[in-house]
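Colleague: Hi! Could you talk me through this one while I have it open?

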Amino acid sequence: MIQIECPFCGKRDQSEFSYGREGQITFPALNADENSWYDAVFLRKNTYGRQIETWQHTHGCRSWLLVERDTVTHKIFSVKLAHTDWQEQIKKTT
Amino acid sequence: MALQVTRFSAWNVLKNGFIGQSGWSRQWRDPEPKSKYDIVIVGGGLHGLATAYYLAKNFNLKNIAVVEKGWIGGGNAGRNTTIVRSNYMLKGNREFYEHSLKLWENLSHDLNYNVMFSQRSHITLYHTPSALDSAARRYNIMRQTGSDAEIWSRSKLEKKIPHLNYAKNARFPIYGSLVQKRAGTARHDAVAWGYARAADKLGVDIIQKCEVTAIDRKGQKINSLQTNRGKISAKKIALAVAGNTSRLWHLANLGNLPIESHKLQAFVTEPLKPLLDQVVVFGVGGAHFYISQSDKGGLVFGGDIDWYKSYAQRGNLPIVQDVAESAISLMPCLGRVKLLRHWSGIVDMSMDGSFFMCKTPIDNLYLNAGWNYGGFKASPASGWYFADLIANDRPSEIIKNHDLERFKRGHYIDESGAGPDTKLHG
Ligand SMILES: Cc1cc2nc3c(=O)[nH]c(=O)nc-3n(C[C@H](O)[C@H](O)[C@H](O)COP(=O)(O)OP(=O)(O)OC[C@H]3O[C@@H](n4cnc5c(N)ncnc54)[C@H](O)[C@@H]3O)c2cc1C
Ligand SMILES: [Zn+2]
């Protein structure tokens with residue numbers, strides 16, 4: 001089974017996580033034209049091989065992660081937090 | 001070189017019984033690829049082979065090749081759970097899948113090949129009155145549009161399918177079911193071989209171990225395909241490569257697609273005596289499970305995709321567990337049955353769960369993709385309408401909204417209403 005090294009929780013089975021989407025996708029501004037929204041919502045590169053993708057540690061700390069994985073071998077090369085500013089965000093809300 | 005293929009008939013079966021089965025010929029040729037064709041179809045799965053057959057049969061076209069990187073039927077064609085049904089509701093899908101079912105009903109005769117199509121009924125179980133009501137709407141639409149559909153109560157189910165879990169204290173007690181009696185299963189390999197044999201007979205070159213590795217595109221036109229068996233040029237090129245669609249799309253430098261490749265697993269148990277006469281679908285509380293029994297006696301079943309994008313063609317263990325749990329909840333009698341094999345295929349999941357059959361930004365390139373879990377049943381109609389699209393260079397009325405641009409127009413064909421996340425279109 002794929003195991004993902006969560007920066008908070010350590011190495012956990014893939015079944016604790018849910019796959020998000022391709023990591024290069026960024027959503028455009030709300031007033032951006034329809035085409036850029038169309039690209040972000042509907043189109044996928046669907047890479048054969050190494051890609052960056054998002055996963056959420058749904059049954060753990062619930063962080064969103066950026067994972068670099070090979071879509072053919074399932075080998076994982078790196079895992080990091082998707083929201084690097086989480087510490088500031090927490091300060092703001094507490 | 002024409003090959004004299006023995007026709008299958010009662011007479012030939014009888015005759016060969018007396019002559020030690022020595023009177024059978026090869027079923028199709030194994031030609032070297034030519035350097036030029038009028039039409040090249042990439043992908044020797046069911047859709048590619050059916051397309052070649054109907055191009056030759058319905059449009060009398062000759063100079064056609066199907067190029068397949070492995071062996072025909074080695075992709076999803078030979079990996080699926082073989083369920084055939086037409087219980088789709090939305091315009092376009094409704095007519096398309098109904099046409100497909102009609103073609104299935106005569107396919108063995110049409111191809112002179114026994115595809116073992118068995119109309120054994122497709123039973124979808126429901127567990128609450130409201131779920132049954134909302135499904136009845138779909139089935140009413142089917143009845144209004146020339147198909148068959150029935151509601152079976154729990155007591156009728158108990159008589160017809162005795163081995164399901166009817167316990168009153170089951171986690172999800174069975175309430176009733178919707179039934180399509182004309183639905184059923186077929187032998188997937190036979191469908192690939194039958195179409196290949198029939199297409200070959202009409203002059204189509206079926207070229208195996210021939211992988212497209214590069215696409216030579218000049219502006220709005222593709223001139224030739226580079227393959228491991230040499231360069232092949234063609235006036236028209238058609239893609240029917242299922243889970244590999246994005247890879248070919250990138251070879252032609254066409255950017256991104258509303259498709260993701262995921263893997264779907266299937267399972268078969270050791271052979272048992274006859275236990276289950278129908279195809280039964282169980283889907284409640286996050287479970288998704290479908291089961292039937294093959295003619296050899298093995299129970300064939302499957303569940304959800306593996307939930308993350310993958311080209312690995314091998315299944316993961318959490319799904320094995322989920323599927324086993326569903327199997328036992330639905331048919332507790334399977335508790336001691338041994339699993340014989342399980343495998344997976346790469347399915348081309350689309351953003352609304354419906355397929356694409358359309359022209360492309362390239363003048364002489366045609367696309368057939370986005371079959372999700374459900375392209376087996378679609379094979380005959382897929383070949384039929386794709387051939388029509390290629391031959392006439394325009395989509396027929398029925399598939400005119402199955403194009404890549406439909407999301408831009410807001411025209412989703414989303415049967416389950418799951419939204420633009422490919423993995424939710426199971
Ligand atoms: C486990 C599983 C269960 C399923 N169950 C059902 C079911 O019960 N009912 C149902 O209706 N559908 C089902 N499906 C879906 C169905 O099998 C597919 O939608 C359908 O087979 C896809 O069409 P195809 O047969 O043409 O694809 P494939 O057989 O995958 O054909 C595509 C071919 O393209 C070839 N190819 C790829 N790249 C290249 C290249 N560069 N050059 C040359 N050739 C290339 C591949 O080798 C492959 O043979 C299931 C699928 C799976 C995986
Ligand atoms: Zn975590």
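**Metal site, salt bridges and buried side chains**

Modeller: Happy to! A:Cys6 and A:His57 are both buried (under 20% relative accessible area with a 1.4 Å probe, protein chains only; over 50% is exposed, and partly exposed is in between). This is a predicted model, where local features need pLDDT of at least 70 and side-chain atom pairs pLDDT 80 or more, while totals for chains, interfaces and linings use all residues. Residues are numbered from 1 along each chain as its sequence is written, chains are lettered from A and ligands numbered from 1 in the order written, and side-chain values use heavy atoms, without hydrogens and water.

Colleague: Which protein donors does the zinc ion (ligand 2) have?

Modeller: A:Cys6 (SG), A:Cys9 (SG), A:His57 (ND1) and A:Cys61 (SG), at 2.0 to 2.3 Å. Donors are N, O and S atoms within 2.8 Å of the metal (3.2 Å for Na, K and Ca), and sites may look incomplete because water is not among the atoms. Along the chain the spacing reads C-x2-C-x47-H-x3-C. A:Cys6 is in strand 1 (residues 3–6) of chain A and A:His57 in the loop between strand 4 (50–56) and strand 5 (64–70), 51 residues apart. Strands are DSSP E runs of at least two residues, helices H or I runs of at least four, numbered from the N terminus.

Colleague: What geometry does the site of the zinc ion (ligand 2) have?

Modeller: Tetrahedral, with angles of 104 to 123° among the four donor atoms; the label needs all angles between 85 and 135 degrees.

Colleague: Switching topic: how many salt bridges are there over all chains?

Modeller: 28, each a side-chain nitrogen of Lys or Arg within 4 Å of a carboxyl oxygen of Asp or Glu. One of them pairs B:Asp205 with B:Arg29 at 3.0 Å. B:Asp205 sits in strand 8 (residues 205–207) of chain B, 176 residues from B:Arg29, and both are buried.

Colleague: And what does B:Lys263 form a salt bridge with?

Modeller: B:Asp306, the closest N and O atoms being 2.5 Å apart. B:Lys263 lies in strand 12 (residues 259–269) and B:Asp306 in strand 16 (residues 305–309) of chain B, so the pair ties together parts 43 residues apart in sequence.

Colleague: Last one: is B:Asn93 buried or exposed?

Modeller: Buried, because its relative accessibility is 1%. The side chain of B:Asn93 makes a polar contact with that of B:His402 at 2.8 Å. Such a contact is a pair of N or O atoms within 3.5 Å; within protein, one must be able to donate a hydrogen and the other to accept it, and residues adjacent in sequence count only if both atoms are side-chain atoms.

Technical notes
Four donors count as tetrahedral if all angles lie between 85 and 135 degrees; four count as square planar and six as octahedral if opposite donors are over 155 degrees apart and all others between 65 and 115; anything else is irregular.
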